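Please read the points below with the sequence and the model open beside you.

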Amino acid sequence: MNMKRSAVVAIMALSAVIFVSGSTAEQATQDMYATVTINKVFSMVLDNALIDFGYAQPGDTIELKTSSYYNEVKCQANKGTTWHLKIAVMGTITGPDGNPVAPEIFKWQVFDSTGDGDPVKDWTPFSATPKVAYTSGQSDMAGREALVRFKYKLDLPKDATGGNYRVRVLYTMTDNP
Amino acid sequence: MMMLCVATSDAALQMNLDYNMLDFGAMNTGESKEISIKGTHHNTLTCTSTNNMTWYLKAQVVKPFSFMQYTIPEANFKWTVVSVGAGKGIVNGGVNFTFPFSRTPTLIYTSDPDDNTGTAIDISFRYSLDVPENQVAGNYNGTVRFIMIETL
């Protein structure tokens, strides 16, 4: 009796094994390993390098393009780290009379930007030391192109000499704060 | 019973990849590149079945191109079947047409009854990659899995 019961159990178990084995789809797999090196980009393009205020009288305030921006800087970087766009006066500024002029009479502000970073939107006096005008956001540092648009203003003191004023500006894109 | 189990699971589906590395080298953002180091193709999968059952070749990205926390979308990574050797089955989408990889298994080839009796079917591929305009610089690596299976 026990032998008979054991045989029945064995047949049932065998059937289960065959059923499981037959119902499992066979498959084979192969893996392929892929690599690529993405090159670094760190570039800046300025669309208009000449900032000419034209003729100014003592005491005048001249704002270039009052309702829009004067020039734009196209920045692109994909290093994955924060970068800054800085702005400074380049060289010594001389007035119409040939005398040096304080750079602070020239001011700049960021009108707007297409990036997701942090622009300086307040009027800021120029200086010979580069000042941060824009700090990149997450998308900016991942390779997205950011256009940073600037406005400029001249506040000519009452005791200054009237004449034509222009300024040369140095733009620097750097990952140093 | 154990011996019977081993006998029924004897592999009747076999697959061999002749070259399992795919190096796109250095690329710029926005650049596209196609790789076929053997001229017409990059590598060949040889599939053999003696089961007399329809089998399917699929592919999936099991690890997308990754570098640190950054990835390249798998849709930018593409495959093209350039030939199927003695195969009489159907290439999904057709030979010499290009399709994106996916994280879910995507059908590449469906066998013909003549493919299921031990004939080695050589399926040759080339690959392409479109680097997005916004992609962080670095060394990316990923893994593609080819699957030969009898269920769709």
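1. Two residues are taken to be in contact if their C-beta atoms, placed from the backbone, lie within 7 Å. By that rule, and not counting residues up to four places away in sequence, Cys47(B) touches Met15(B), Leu57(B), Ile121(B), Ile123(B) and Met148(B).

2. On conventions, this is a predicted model, in which local features need pLDDT of at least 70 and side-chain atom pairs count only at pLDDT 80 or more, while totals for chains, interfaces and linings use all residues. Residues are numbered from 1 along each chain as its sequence is written, and chains are lettered from A and ligands numbered from 1 in the order in which they are written.

3. On confidence, pLDDT is the predictor's confidence in each residue, from 0 to 100. Chain A has a mean pLDDT of 87, with 86% of its residues at 70 or more; over residues 8–23 of chain A, however, the pLDDT is below 50, and this stretch has nine contacts in the model beyond near neighbours in sequence. For chain B the mean pLDDT is 92, and 93% of its residues reach 70 or more, although residues 1–9 of chain B have a pLDDT below 50, and that stretch has nine contacts in the model beyond near neighbours in sequence. For the complex, the predictor gives an ipTM of 0.92 and a pTM of 0.80.

4. Chain B has one helix and 12 strands, and from the N terminus on its elements run α-β-β-β-β-β-β-β-β-β-β-β-β. Its C-alpha atoms fill a box of roughly 55 × 35 × 25 Å, taken along the principal axes. Among contacts in chain B between residues at least 6 apart in sequence, 79% join residues at least 24 apart.

5. On strand pairing within chain B, two strands pair if DSSP finds at least two bridges between them. Strand E7 (residues 77–83) of chain B and strand E11 (residues 121–130) of chain B pair in the antiparallel sense over six bridges, and Trp79(B) has Tyr127(B) in E11(B) as its bridge partner. E7(B) is also joined by three bridges to strand E9 (residues 98–100) of chain B, with the two running antiparallel, and here Lys78(B) stands opposite Pro100(B) in E9(B).

6. On the contact between the chains, 45 residues come from chain B and 29 residues from chain A. On the side of chain B that touches chain A, helix H1 (2–8), strand E1 (13–17), strand E2 (21–27) and strand E12 (138–149) of chain B each supply at least two residues, and E12(B) gives the most, with 12 residues. That side of chain B divides into 25 nonpolar, 16 polar and four charged residues, where Ala, Val, Leu, Ile, Met, Phe, Trp, Tyr, Cys and Pro count as nonpolar, Asp, Glu, Lys and Arg as charged, and the others, Gly among them, as polar.

7. Which residue of E2(B) is the bridge partner of Thr37(A)? It is Ala26(B), and the pairing of strand E1 (residues 27–38) of chain A with E2(B) is parallel, over five bridges. Leaving aside its neighbours within four places in sequence, Ala26(B) is in contact with Thr37(A) and Asn39(A).

8. On burial, a residue is buried if 20 or more other C-beta atoms lie within 10 Å of its own, exposed if 12 or fewer, and partly exposed in between, with C-beta atoms placed from the backbone. Ala26(B) is exposed, because 12 other C-beta atoms lie within 10 Å. Of the 152 residues of chain B, 33% count as buried.

9. On the core, a nonpolar core is a set of buried Ala, Val, Leu, Ile, Met, Phe, Trp, Tyr and Cys residues joined through C-beta atoms within 7 Å. The largest has 64 residues, and those with the most contacts inside it are Leu85(A), Phe106(A), Val148(A), Cys47(B), Leu57(B), Ile123(B) and Val144(B).

10. On backbone geometry, Met68(B) has a positive phi of about 50 degrees although it is not a glycine; Met68(B) is placed in the loop between strand E5 (56–67) and strand E6 (70–71) of chain B, and counts as exposed because it has 10 C-beta neighbours inside 10 Å.

Technical notes: Helices (H or I, at least four residues) and strands (E, at least two) are DSSP runs, numbered from the N terminus.
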